[in-house]
Amino acid sequence: MEHCRILTFRDTEPMDTELLKLKERVLQARARHQPVRLHGARTKDFYGEEFEGELLDVSGYRGVVDYEPSELVLTARCGTPLSEIETALAERGQFLAFEPPRFGGDPTLGGIVATGLSGPRRPHAGAVRDFVLGATLLSGDGELLRFGGQVMKNVAGFDVSRLLCGSLGILGVITEVSIKVLPKPRAEETLRLEMPAAQAIAAFNRWGGQPLPLSAAAWHEGAAWIRLSGAESAVSAARAAIGGDRVFTSLARRWWDALQHYTHPMYSEPVVWRTSVPPTAPLLNLPAEPLIDWGGGLRWYSGPVEGFDVRGLAMAAGGTAMRWRGEGAESRFHPLPRAVTEIHRRLKRSFDPEGIFNPGRLLAGL
């Protein structure tokens with residue numbers, strides 16, 4: 001943790017009213033040893049383990065602080081709605097390439113970073129953590145800590161701003177984020193090819209090893225869906241090389257939106273497992289066909305899988321499994337090795353010594 005401290009400093013600039021309110025709430029919670037549950041738009045309350053505490057609403061601390069289209073960088077406060085960010089970017093022909101999910105609502109930037117979830121473009125463009133350049137964190141002792149971005153160089157080799165991605169708020173309140181944005185592709189097209197799942201996995205890996213402008217590859221119910229994004233000439237050449245049927249733009253948008261924003265019927269089943277495996281791994285020995293995303297690396301199973309050791313099968317394939325929906329005796333997230341769990345505990349103690357932020361949401365007892 002000494003390396004983390006090298007990357008931080010106390011913010012001496014005047015705080016606005018909303019930030020002062022957040023700081024006061026944190027200090028009060030610390031003094032009373034009272035846990036708090038951080039939330040913004042509450043679109044992802046279901047995501048994570050069970051946790052308790054008083055609600056601490058961060059949605060009031062919002063707004064785009066700085067946006068320089070020529071530098072491809074946008075800085076906004078934690079409570080800024082995704083719609084506001086996307087509108088600002090669209091006016092300049094830019095977008096968030098990691099495709100954050102909406103879950104039927106209008107999530108905040110802080111929640112997007114804290115959960116670290118990405119859409120179908122993730123294997124080709126990168127995850128949330130690959131786009132976070134810097135962040136400001138309100139820690140458990142009331143300090144405002146800044147990492148990365150234009151504030152301080154990562155000289156210690158410990159990128160704390162990216163560490164916050166997927167932390168589920170257990171380290172503190174992510175108050176501000178600087179994020180990299182990209183220009184929208186000049187051309188985009190979706191192809192559909194009928195083939196079995198095993199053949200699709202092999203094809204995804206074959207195409208992924210070629211210089212093709214792939215931006216998404218998924219499979220469900222006997223059909224592979226391929227999205228191509230880039231220059232007109234590159235997309236046209238890739239379409240000729242891959243073949244298949246061209247999908248109408250409106251239908252393609254509905255398909256990819258259903259995967260990005262979790263509106264596909266698969267995600268609403270009573271029991272759903274999210275398995276992350278090497279893209280080349282064979283299908284798991286389960287009595288259900290998966291929904292495959294990320295070019296074979298992300299596979300969703302639902303239906304008659306109760307009673308099967310989904311987690312054990314995923315581990316045997318070199319991956320992990322998360323119980324996305326449904327109750328079970330096991331933890332929701334895939335268990336971490338003991339050494340990694342201890343690292344999590346030390347980080348938690350360093351940033352939140354009193355354990356007031358979202359206790360138990362990421363790991364039991366953390």
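In which helix do E18 and K21 both lie, and how many residues apart are they? Select helix α2 (residues 17-32): E18 and K21 are both there, three residues apart, about one turn of the helix. Helices are DSSP runs of H or I with at least four residues, strands are runs of E with at least two, and both are numbered from the N terminus.

The model on display is predicted: local features need pLDDT of at least 70, side-chain atom pairs count only at pLDDT 80 or more, and totals for chains, interfaces and linings use all residues. Residues are numbered from 1 along each chain as its sequence is written, and side-chain values use heavy atoms, with hydrogens and water left out.

**First stop: helix α2**

Display the side chains of E18 and K21, which meet in a salt bridge (3.7 Å, N to O). A salt bridge here is a side-chain nitrogen of Lys or Arg within 4 Å of a carboxyl oxygen of Asp or Glu; by this rule the count comes to 19. Relative accessible area is 32% for E18 and 44% for K21. Each is therefore partly exposed, the class between buried (under 20%) and exposed (over 50%), with a 1.4 Å probe and protein chains only.

**Second stop: from α2 to β2**

Select R32 and E54 next; their closest N and O atoms are 3.3 Å apart in a salt bridge. This pair links distant parts of the chain, with R32 in helix α2 and E54 in strand β2 (residues 54-57), 22 residues apart. R32, at 47%, is partly exposed, and E54, at 34%, is likewise partly exposed.

E342 has a relative accessible area of 30% and R349 one of 48%. For a network, select E99, R121, E188 and R227, which are joined by salt bridges that share partners.

Select residues 298-302. Five of the five residues of β16 are buried, so the strand is largely enclosed by the rest of the structure. L298, W300 and S302 point one way, while R299 and Y301 point the other. In a regular strand, side chains alternate between the two faces of the sheet.

R274 stands opposite W300. Four residues separate β15 and β16 in a hairpin, and W294 in the turn has a positive phi of about 55°.

Conventions:
Two strands pair if DSSP finds at least two bridges between them.
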